[in-house]
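Hi,

Here is the structure I said I would pass on.

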Amino acid sequence: MKMFEAQPTTARDIETFKKEISTVRSVDDLMKNRTLLKVTLSAFQLESEIDKYAFVKKMLTEDPENDDSLVNRMLEPRWTKLTKALYALNENPDFFQDEKNVNAILNGYKTNEFEKFEGKTAEGVREALYFKRMAGGVEELSQIMADKSIMHVVRVGLGLPESFQSLEYEQQKTRLEKQVDIEDFKDPAKIDKMIERFLVMTEINNNDPMANPMLSLFQPVAPAGGFVGPQPISLNLQV
């Protein structure tokens with residue numbers, strides 16, 4: 001974490017946010033300062049949306065308690081969290097005078113950017129860290145399916161192909177209901193096991209077994225006459 005925070009860009013963004021956020025008295029003020037907006041969006045894993053100005057502003061200004069608001073029609077947990085956390089800025093110009101609100105954004109930013117930083121060193125690490133942090137709050141299958149990162153860890157861990165994502169929602173749900181036990185998300189040991197499976201499958205899917213001897217343990221042994229065709233990988237994916 002210290003190495004991460006020492007990065008010039010990260011340190012500069014944190015310092016800028018601390019110094020300038022107190023001047024933000026409205027959503028418009030926040031939208032006018034790209035660095036402050038970037039840090040805020042990153043706190044909710046939404047930094048890639050920064051250039052969608054009109055869309056972001058709509059999300060920040062619509063009442064999350066209104067069933068007809070865009071955020072409630074989207075059912076995207078990241079936007080839901082952002083809207084619920086920041087809607088008060090529309091009614092309270094002193095929102096960012098409260099140190100608790102400022103620190104909540106900074107802590108979210110540091111967590112998200114740190115997970116990205118760690119993810120650069122090994123495939124799947126960012127998703128694994130996010131899953132570790134969020135999995136304990138999963139109480140129903142729809143939460144898994146609504147969160148792209150959690151769904152990615154579950155799908156890969158179960159050995160389901162990318163084509164699974166192209167199935168209709170109900171088809172995906174029916175398949176997952178047979179393979180996912182929501183009660184497992186209440187057990188830290190089983191969450192760790194899910195992460196372990198995900199990382200193993202990620203490595204298998206993204207590496208040449210010829211370049212990594214350990215991965216050859218998961219591959220079938222070729223017969224004397226060579227491979228006749230693709231062989232299935234057999235793994236026990238039950239927790």
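By class, how many nonpolar, polar and charged residues does the lining of the second largest pocket have? Bear in mind that this is a predicted model. The count comes to 4 nonpolar, 4 polar and 3 charged residues.

Some more on that second largest pocket: the volume is about 280 Å³. Glu 127, Met 145, Lys 148, Ser 149, Met 151, His 152, Arg 155, Phe 164, Gln 165, Tyr 169 and Gln 172 make up its lining.

Now to the largest pocket, which holds about 410 Å³ of space. Its lining runs to 21 residues, and if you want to find the middle, go to Leu 75, Glu 76, Pro 77, Gln 143 and Ala 146, which lie nearest the centre. At least two lining residues come from each of helix H6 (70–74), helix H7 (77–86) and helix H10 (141–146). H10 gives the most to this lining, with 5 residues. Sorted by class, the residues around the largest pocket are 12 nonpolar, 5 polar and 4 charged.

Send me a note once you've had a look.

Cheers

Definitions and conventions. Residues are numbered from 1 along each chain as its sequence is written. This is a predicted model: local features need pLDDT of at least 70, side-chain atom pairs count only at pLDDT 80 or more; totals for chains, interfaces and linings use all residues. Side-chain values use heavy atoms; hydrogens and water are left out. On a 1 Å grid over the protein atoms alone, a cavity is a set of points where a 1.4 Å probe fits but cannot get out, and a pocket is an open set with protein on both sides within 12 Å along at least five of seven lines; lining residues have an atom within 4 Å of a point. Grid points are joined across faces, edges and corners, and a volume is the space filled by probe spheres set on the points. Helices (H or I, at least four residues) and strands (E, at least two) are DSSP runs, numbered from the N terminus. Ala, Val, Leu, Ile, Met, Phe, Trp, Tyr, Cys and Pro count as nonpolar, Asp, Glu, Lys and Arg as charged, and the others, Gly among them, as polar.
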